[in-house]
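Me: I would like to go through this structure with you, one topic at a time. Please begin with the terms that are needed for reading it.

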Amino acid sequence: MIDIIQKEQKSPSGYSFISSDDLANWASVDKDEISNLADCCYKFEAYHHAFISAYRIKEKLPCIKTDNDIKFLIYTIFRENYLFVQYLIYNDQNDYYENIANRNYEKYCKSFADIHPVSENFRSSDLFRLIFINYISYFCSLFEYVLSYGYDWDVANKIADINISKKRFDYLKEISSNFHHKMITQ
């Protein structure tokens with residue numbers, strides 16, 4: 001059912017030809033269960049997910065001021081979310097993030113600088129780290145939201161279109177929690 005819902009959400013027409021009633025009847029489940037599943041899938045649909053994440057990050061980072069800044073965030077999250085979730089570690093060493101931040105900034109500028117320019121500040125490893133940790137916080141809360149419906153780990157991974165281990169997820173929750181705790185106490 002997840003595959004069907006995700007495929008329908010990616011339809012070029014933007015219109016689904018399969019109703020919740022059809023899916024509920026086909027799977028012999030309650031229509032509300034299909035609606036919950038569709039809602040969870042929608043929250044992780046790639047563009048929607050990047051868009052909402054970017055606006056949540058904007059609320060926490062006062063340096064994000066213009067529409068172009070938001071476009072840069074959407075681009076970064078859309079492009080780097082897998083890296084953020086699967087591989088990055090959180091530390092205070094700028095050089096760890098510097099290459100990734102520079103590469104991301106240069107790729108953005110190569111594609112969009114003429115029509116949506118952003119400040120050179122977006123090359124900053126400090127800003128990239130803040131984008132990373134705020135994205136991880138959002139991702140963890142969204143993944144937990146999916147789990148709260150009672151879906152098992154494999155189903156939540158399928159909905160999120162990722163394969164994250166429980167150990168990695170626990171690490172991400174811990175660094176997110178530690179970061180926000182540190183921000184509150186400062």
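Reply: Helices (H or I, at least four residues) and strands (E, at least two) are DSSP runs, numbered from the N terminus. The model is predicted, and local features need pLDDT of at least 70, side-chain atom pairs count only at pLDDT 80 or more, while totals for chains, interfaces and linings use all residues. Residues are numbered from 1 along each chain as its sequence is written, and side-chain values use heavy atoms, with hydrogens and water left out.

Me: What share of the residues is buried?
Reply: Of the 186 residues in the protein chain, 40% are buried. Buried means under 20% relative accessible area, exposed over 50%, and partly exposed in between (1.4 Å probe, protein chains only).

Me: Which residues of α4 are buried, and what do they pack against?
Reply: They are His 48, His 49, Ala 50, Ser 53, Ala 54 and Ile 57. These buried residues pack against α3 (31–43), α5 (67–86) and α7 (125–148).

Me: And Lys 58, what does that residue touch?
Reply: Lys 58, also found in helix α4, touches Ile 64, Ile 70 and Leu 73, not counting residues up to four places away in sequence. Lys 58 and Ile 70 are twelve residues apart in sequence, with their C-alpha atoms 7.3 Å apart in space. Lys 58 counts as partly exposed, because its relative accessibility is 31%.

Me: Is Ser 125 buried or exposed?
Reply: Ser 125 is buried, at a relative accessible area of 10%. This serine lies in helix α7 and is in contact with Asn 94, Tyr 97, Glu 98 and Ala 101, leaving aside neighbours within four places in sequence.

Me: Changing topic: how many aromatic pairs are there?
Reply: A search of the whole structure finds 22. Rings of Phe, Tyr and Trp (its six-membered ring) pair if their centres lie within 6.5 Å; planes under 30 degrees apart count as stacked, over 60 as edge-to-face and the rest as tilted. One of the pairs is Tyr 75 with Tyr 108, which is edge-to-face because the centres are 5.3 Å apart and the planes at 70°.

Me: Where do those two tyrosines lie?
Reply: Tyr 75 lies in helix α5 and Tyr 108 in helix α6 (residues 94–112), so the pair ties together parts that are 33 residues apart in sequence. Both Tyr 75 and Tyr 108 are buried.

Me: Which rings are linked into a cluster?
Reply: Ring pairs link Phe 44, Phe 84, Tyr 90, Tyr 97, Phe 128, Phe 132, Tyr 135, Phe 139, Phe 143, Trp 153 and Phe 169.

Me: Last topic: how many salt bridges are there?
Reply: There are eight in the whole structure. A salt bridge is a side-chain nitrogen of Lys or Arg within 4 Å of a carboxyl oxygen of Asp or Glu. One of them joins Arg 103 and Glu 80 at 3.4 Å, N to O. That pair links distant parts of the chain, with Arg 103 in helix α6 and Glu 80 in helix α5, 23 residues apart.

Me: Are Arg 103 and Glu 80 buried or partly exposed?
Reply: Arg 103 counts as partly exposed at 32% relative accessibility, whereas Glu 80 is buried at 4%. Together with Arg 79, they are linked in a network of salt bridges.

Me: What does Arg 123 pair with?
Reply: Arg 123 meets Glu 106 at 3.0 Å, N to O, and Glu 120 at 2.8 Å, N to O. Arg 123 is partly exposed, at 24% relative accessibility.

Key
Contact means heavy atoms within 4.5 Å.
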